[in-house]
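Q: I would like to take a close look at one part of this protein. Could you walk me through it in a connected way?

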Amino acid sequence: HLQCAKAHSQSMQCEKAPVRVGINGFGRIGRQVVRILMTRPNYAIKHINSTQSAEYMKYLLEHDTVHGRFKGTIIAETGALVVNGQRITLSSTREAAAIPWAGSGVEYVCECTGAFLSTEKCQAHLGQGVRKVIISAPAKDDTPTLVVGVNHEAYDAENMHVVSCASCTTNGLAPLVKVMHEKFGIVSGLMTTVHAATASQVIVDGTSAKDWRAGRAASANIIPSTTGAAKAVAKAYPAMKGKLTGIAVRVPVVDVSMVDLTVNLERPTTYEEIKAEIQLASETYAKGIVGYTEAAVVSSDFIGETRSTVFDASAGVMLSPTFVKLVSWYDNEWGYSSRLCDLIGIMAHADGAFDAWWDWTAAPALNLVRKAYEDSTAEDDVGNRSVDTVITSFEHKLALDDAFERTCDELESPLGMFLPAVQANSGK
């Protein structure tokens, strides 16, 4: 009875949810997006387009070798799945223009098939009431690339109708690169991603005319490969244009990958100073995006990791004051899917789908916070960080928290003590 009541409550919340999502493609990313969005109250999954039957989709969502059993209820019906009481209509077509988004009320489409990788191809989704399309892969054209925690503030609600969330590796690399460049300056760098096997590979030796090595058994080999992830960082962070490149090495694990980043720095420093800056980022201005650990970790320790990248402080090495190798981990499925869901929320907020409790883009709002900060004598609560660092951290955290429908009372921030005064002064 309690389970039924909970499902009914979630179903009612779904009907009122302001962010109505559709998913095209039910592979590794599409399924994780469903799992994640089912936990976020501002979202409702209204429609999924997949080539699989409802019964098989139910099975795939219920059972996952990496992420475990689905914690909830799933019922397969003719043309629909009922997940935690939320009815999600289904279709099965390879033609984007034939997907019935309009009839389902979908406004935001997650393009997770890997087949529609340009604005031109995604145009077929638009025009049926769909407001925006988010591609869960690098675009093959000049579609805007948005990486949460790096350049999501560049989203233009009026002019960006199709965007790319980049790749899992770009999301695992770009936030770390940004932290390093803005503190120490990156002259040049090489990246290797030690990447988990993916569905594009084969279990035993097969064939691959395009990439002969890719046709070898993923289950028994370390396979060198190419990746555009390092160069793609520049699409989200133009300061890196022409400064980064890299390769991939596919290894026989089913999830979690590792970035090996070797950089030449502008400013001489020490490894301890680098560790301190990344730890500061993980706790303040890049909290929730960049993580930090000094533990003796291995890949499986990061299955289900929600942060984009977690710096492994004990795994790096420094040769000279300007030449250093950094190691960082990322869940190439769950972490990336989490950022994809974040991006939908950030876009929907900017599109006016739901109101934030505070407008951090307005200069008067920032000035009020800055004044409250500067007038405060509670230095112990903010440490030695500058007002701009604290505000940037808080602004980013609020942008994500608004997407997750959390209240200001739940926020953890050095600015928390200023909120009553700021709200009173602003009339909000």
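Which residues does I48 touch, not counting residues up to four places away in sequence?

A: Happy to. This is a predicted model, in which local features need pLDDT of at least 70 and side-chain atom pairs count only at pLDDT 80 or more, while totals for chains, interfaces and linings use all residues. Residues are numbered from 1 along each chain as its sequence is written, and side-chain values use heavy atoms, with hydrogens and water left out.

With residues up to four places away in sequence set aside, I48 touches I23, F26, V34, M57, I88, T89, L90 and S91; contact here means heavy atoms within 4.5 Å. I48 belongs to the largest nonpolar core, which has 82 residues. Such a core is a set of buried Ala, Val, Leu, Ile, Met, Phe, Trp, Tyr and Cys residues joined through side-chain atoms within 4.5 Å. Buried means under 20% relative accessible area, exposed over 50%, and partly exposed in between, with a 1.4 Å probe and protein chains only. The members that touch the most others are V19, I23, I48, I134, V177, L261 and I278. Helix α9 (residues 334–350) contributes the most to this core, with nine residues. Helices (H or I, at least four residues) and strands (E, at least two) are DSSP runs, numbered from the N terminus. In soluble globular proteins, nonpolar side chains tend to be buried together.

Strand β2 spans 43–49, and β2 is one of eight strands that form an open sheet of mixed pairing, in the order β3-β4-β5-β2-β1-β6-β7-β8. Two strands pair if DSSP finds at least two bridges between them. At the edges are β3 (74–77) and β8 (162–164), each pairing on one side only. From one strand to the next, the twist averages 25°. Axes are lines fitted to C-alpha atoms, for helices over the stretch in contact, and angles run from 0 to 180 degrees between N-to-C directions.

Two helices deserve a look here. Helix α3 lies across β2, β3, β4 and β5 (86–91), running at about 165° to β3. Helix α9 packs on the sheet too, touching β1 (19–24), β2, β6 (108–111), β7 (132–135) and β8, and its direction makes about 160° with that of β7.

M57, one of the residues that I48 touches, is among the buried residues of α3, together with A54, L60, L61 and E62. These buried residues pack against α2 (28–37), β2, β3, β4 and β5.

Helix α3 (residues 54–62) also holds Y56 and Y59, three residues apart, about one turn of the helix. Their rings form a stacked aromatic pair, 6.2 Å centre to centre with 10° between the planes. Rings of Phe, Tyr and Trp (its six-membered ring) pair if their centres lie within 6.5 Å; planes under 30 degrees apart count as stacked, over 60 as edge-to-face and the rest as tilted. Y56 is partly exposed, at a relative accessible area of 41%, and Y59 is partly exposed as well, at 46%.
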